Amino acid sequence: MDRNRDKYIPALSYEWLTPLYDLVMQLIMCESTFKRRLVEQMRINKGYRVLDLGCGTATLTILIKKAHPEAEVIGLDIDPDILEVARSKIRKAGVDIALDHANAIELPYPDNSFDCVVSSLVFHHLTHEDKISTFREVFRVLQPGGELHAADFGKPHNILMYLISLIIRQFEETLDNIKGLLPEMLHNAGFDQVEETERYMTVFGTLSLYRARKPR
Ligand SMILES: C[S@@+](CC[C@H](N)C(=O)[O-])C[C@H]1O[C@@H](n2cnc3c(N)ncnc32)[C@H](O)[C@@H]1O
């Protein structure tokens, strides 16, 4: 299969919009509500090794590290520019977080090396094939019994969200999300106990939280 491994969709689709990303998230994406909920859902224990996949500007990564200073937290993203923003925020926050520049479809970590992987608003940036590869990679790097926690666009849960989805579903990368296929794709990658745990209304449509476990 011919795939350009360096190609990716930046946080707000265009590189020149990246400096506005945090502002947009704060103003229109109920960011603090769903990210706090995601951190609670992860139930991080002392000494956990946690990967924030597609960490972007590291808002969630920093939130996790501040809530669980004893956990080892690593952020990964494909976009070197957004990693610079993340690096500067991490420095200002005074926390110890390692950042890795890599593609989610080829994670630079050994098998079974994380207790928990979290990912927020990343899967709708990936093509169908890249979602499949990424879910396989997340499964590979998780310990048996380890969990994936994710926030991303999901199947519309009311008429208003359905109407918004008519626009969003025009993009190949968002179609699996809108059709509600992420749980099935996670099952196919080997995960069990896959659930959609919460849903939020946003201006871009339904935002769902997911949990999936790698069997012991
Ligand atoms: C909408 S932003 C979300 C950032 C952050 N997780 C958050 O919730 O604010 C999507 C992020 O996914 C990253 N991304 C897109 N494709 C990727 C890939 N193939 N591998 C790793 N990161 C990717 C983008 O660079 C961007 O930072």
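Ligand contacts and a nonpolar patch

In this predicted model, the UniProt record, an unreviewed entry, places the feature "domain: Methyltransferase" at residues 50-146. The end C-alpha atoms of that span lie 10 Å apart, and its make-up is 38% helix and 27% strand.

Me: Why is Leu23 called partly exposed?
Reply: Its relative accessibility is 47%. Buried means under 20% and exposed means over 50%, so Leu23, at 47%, counts as partly exposed.

Me: Where does Leu23 sit in the secondary structure?
Reply: Leu23 belongs to helix α1, residues 21-28.

Me: What makes the nonpolar surface patch?
Reply: The patch is made by Leu20, Leu23, Leu27, Ile28, Val203 and Phe204, with an area of about 550 Å². Membership requires over 30% relative accessible area; Leu23 has 47%.

Me: Which residues are closest to the ligand?
Reply: Tyr21, Lys35, Gly54, Asp77 and Ser120 are the closest of the 19 residues that surround the ligand.

Me: What backbone atoms lie by a nitrogen atom of the ligand?
Reply: A polar backbone atom of Gly54 is 2.7 Å from a ligand nitrogen atom. For Ala104, a polar backbone atom lies 2.9 Å from a nitrogen atom of the ligand.

Me: How much of the ligand's accessible area does the protein cover?
Reply: On its own the ligand has 600 Å² of accessible area, and the protein covers 98% of that.

Technical notes:
Residues are numbered from 1 along each chain as its sequence is written. This is a predicted model: local features need pLDDT of at least 70, side-chain atom pairs count only at pLDDT 80 or more; totals for chains, interfaces and linings use all residues. Side-chain values use heavy atoms; hydrogens and water are left out. Patches are made of residues with over 30% relative accessible area and no salt bridge: like charges are joined within 9 Å, nonpolar side chains (Val, Leu, Ile, Met, Phe, Trp, Tyr) within 5 Å. Accessible areas come from the Shrake-Rupley method with a 1.4 Å probe; for residues, only the protein chains shown count as cover. A salt bridge is a side-chain nitrogen of Lys or Arg within 4 Å of a carboxyl oxygen of Asp or Glu. Helices (H or I, at least four residues) and strands (E, at least two) are DSSP runs, numbered from the N terminus. Buried means under 20% relative accessible area, exposed over 50%, partly exposed in between (1.4 Å probe, protein chains only). UniProt positions are given in the numbering used here, feature names are shortened, and annotations may be inferred rather than shown by experiment. A residue is near a molecule or strand if one of its heavy atoms lies within 4 Å of it. A polar contact is a pair of N or O atoms within 3.5 Å; within protein, one must be able to donate a hydrogen and the other to accept it, and residues adjacent in sequence count only if both atoms are side-chain atoms.
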